[in-house]
Amino acid sequence: MSPDIINSLASNGLSPSGIFSGNPYFSAGFGLIGVGAVLAVLRQGSRKAAAFTRRQLLVTLEIPSKDKSYQWILAWLSDQQKLKSSSKKRIFSKIIQNATKPRHLAVQTTFKQHDNGSVAANFSFVPGPGKHLFNFNNRWIQVDRVRETKMLDLTNGAPWETITLTTLNKDRDIFNTILYNAQKKAIEQQKGKTVIYTSVGPEWRPFGPPRKKRVLSSVVLDNNISEDILSDVKDFIKNGKWYEERGIPYRRGYMLYGPPGTGKTSFIQALAGELGYNICILNLGERGHTDDRLNHLLTVAPERSIVLLEDIDAAFNKHRDRSDPNSVHLSMVTFSGLLNALDGVSSAEERITFMTTNHIDRLDSALIRPGRVDYKVYLGNATKFQTATMFNRFYPESPSLAAEFAEKTEGHQISPAQLQGHFVRFKTSAEMAIENFNLLTAKQDI
Ligand SMILES: Nc1ncnc2c1ncn2[C@@H]1O[C@H](COP(=O)(O)OP(=O)(O)OP(=O)(O)O)[C@@H](O)[C@H]1O
Ligand SMILES: [Mg+2]
């Protein structure tokens, strides 16, 4: 207020405070401010009291998406829903159950490839982002799945997520039970199965649910190829000490080469099953891969796993053939980066690498020298022995026809994959498979 105005007010017998106290609007205003302030204090107090009570009464467990148990918990939570909806309960608990069923679900789709190549999709519902309530062992637990919109998980570019479980403080031991059950379920799912890992950024993550093991004898290779590789790998696995004593890196590289459809991939899968190992598929062309990351991935591959590099020739042809407009150059892995990663000094742990290619002649000799590839095997088109063995596996009731069928393959280049396709087509009759043999060779001429 300017001094002139104050003076003129004073000359009228009014002081500045007098105007406000005498003015009903102003005094009401002050009253409101006062009440507001008191309310704010109270509100803050009650908020603090609520927070205090919550702290005292409730206990929370936070599981970030980066943690291994995150996927276990998510899968376990979706199971809880299934179990509940199938169990018979009294009406009241059914109403509660219905009311607490998550209304916001997220779908998790996994694919399963059958041996005959067909693919089936499997959908499971997991609680979507938001709050859900469920009852486990007669205790109430709140699930809060939060997706950070501003934060990305740098390893895979996916939004950062956390699941927070809240329950009463007195029930806190339930968290252990939940984590234990979720882990048990995950392990049970893997029992007798092969887990396929793929690299996601700098780490390995399971790719889809664990797959049923493929029986080694279902991949029919010539002579003793299968037995020889198996005994070589087994010998390697049990000789860790021998390597250590001699100061040589404890690793072994295998290369399976040959035309398409001869069982390279299937054999590695079956071998992993036989050994009780998992498979880590390393895709060199993946976006964002660098030499350092490759090195890191090979160092941190899960225990008891086979690192698999498929179509190794294609990975670098793409990079070299810059004139091809369709080729993608998102991966920064260099050929020398791969060579170094394969025999980098860092690995003291056991490491088994399998590579496959259709064109071994296109590979740089540095890649297949001992130390990087110690064991090379050619898997070719079906020999008569393989043809007859496969025939017997498909038509065990007609053993006498196997030799006749195998004779027909003389002079033809037929892959085991083509044979399999033919046998699947005539699955009900061995005679039909023989009668229609020409379909196999006709296909080949196309
Ligand atoms: N030797 C074999 N014994 C039994 N089945 C086989 C054999 N080879 C291939 N198959 C069948 O053929 C299909 C393709 O085989 P697979 O993927 O293993 O071939 P691949 O050698 O890896 O081919 P590619 O070089 O094209 O990757 C599979 O379904 C598999 O069951
Ligand atoms: Mg393959």
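Q: What should I know before I start reading?
A: It's a predicted model, where local features need pLDDT of at least 70, side-chain atom pairs count only at pLDDT 80 or more, and totals for chains, interfaces and linings use all residues. Residues are numbered from 1 along each chain as its sequence is written, chains are lettered from A and ligands numbered from 1 in the order in which they are written, and side-chain values use heavy atoms, with hydrogens and water left out.

Q: How many helices and strands are there in the protein chain?
A: Helices (H or I, at least four residues) and strands (E, at least two) are DSSP runs, numbered from the N terminus. Here you get 17 helices and 15 strands.

Q: What share of the 446 residues is buried?
A: Buried means under 20% relative accessible area, exposed over 50%, and partly exposed in between (1.4 Å probe, protein chains only). In this chain, 36% of the 446 residues are buried.

Q: And what share of the contacts comes from residues 24 or more positions apart?
A: A contact means heavy atoms within 4.5 Å. Of the contacts with a separation of 6 or more, 67% are between residues 24 or more positions apart.

Q: How do I read a helix pair? At what angle do H7 and H9 pack?
A: Axes are lines fitted to C-alpha atoms, for helices over the stretch in contact, and angles run from 0 to 180 degrees between N-to-C directions. Helix H7 (residues 225–237) and helix H9 (residues 264–275) have axes 11 Å apart and pack at about 45 degrees. That makes H7 oblique to H9; the scheme is under 35 degrees for roughly parallel, over 145 for roughly antiparallel, 65 to 115 for roughly perpendicular, and oblique for the rest.

Q: Which hand does the crossing of H7 and H9 have, left or right?
A: A crossing is left-handed if the near helix is turned anticlockwise from the far one by less than a right angle, and right-handed if clockwise. For H7 and H9 it's right-handed.

Q: Which residues of H7 and H9 meet?
A: From H7 you have Ser 226, Ile 229, Leu 230, Val 233, Lys 234 and Ile 237, facing Phe 267, Leu 271, Glu 274 and Leu 275 of H9. For classes, Ala, Val, Leu, Ile, Met, Phe, Trp, Tyr, Cys and Pro count as nonpolar, Asp, Glu, Lys and Arg as charged, and the others, Gly among them, as polar. The contact of H7 with H9 then splits into seven nonpolar, one polar and two charged residues.

Q: Now for H10 and H12: how do their axes cross?
A: The axes of H10 (residues 291–299) and H12 (residues 335–342) come within 9 Å and cross at roughly 20 degrees. So H10 is roughly parallel to H12. The crossing is right-handed, with Asp 291, Leu 294, Asn 295 and Leu 298 of H10 meeting Gly 337, Leu 338, Ala 341 and Leu 342 of H12. By class, that contact of H10 with H12 has five nonpolar, two polar and one charged residues.

Q: At what angle do H13 and H15 pack?
A: About 30 degrees, with the axes of H13 (residues 384–394) and H15 11 Å apart. That makes H13 roughly parallel to H15, and their crossing is right-handed. Gln 386, Thr 387, Met 390, Phe 391 and Phe 394 of H13 make the contact with Pro 416, Leu 419, Gln 420, Phe 423 and Val 424 of H15. Seven of these residues are nonpolar, three polar and none charged.

Q: What about phi? Which value does Asn 138 have?
A: Most residues other than glycine have a negative phi. Asn 138 has a positive one, near 65 degrees, in the loop between strand E4 (130–136) and E5. Asn 138 counts as exposed because its relative accessibility is 72%. Arg 304 has a positive phi too, near 50 degrees; it sits in the loop between H10 and strand E13 (305–309) and is partly exposed at 46%.

Q: Where is Ser 429, and what does its side chain reach?
A: A polar contact is a pair of N or O atoms within 3.5 Å; within protein, one must be able to donate a hydrogen and the other to accept it, and residues adjacent in sequence count only if both atoms are side-chain atoms. Ser 429 is in the loop between H15 (416–425) and H16 (430–435), and is buried at 16% relative accessibility. A polar atom of the Ser 429 side chain lies 2.9 Å from the backbone nitrogen of Met 432, and one lies 3.4 Å from the backbone nitrogen of Glu 431.
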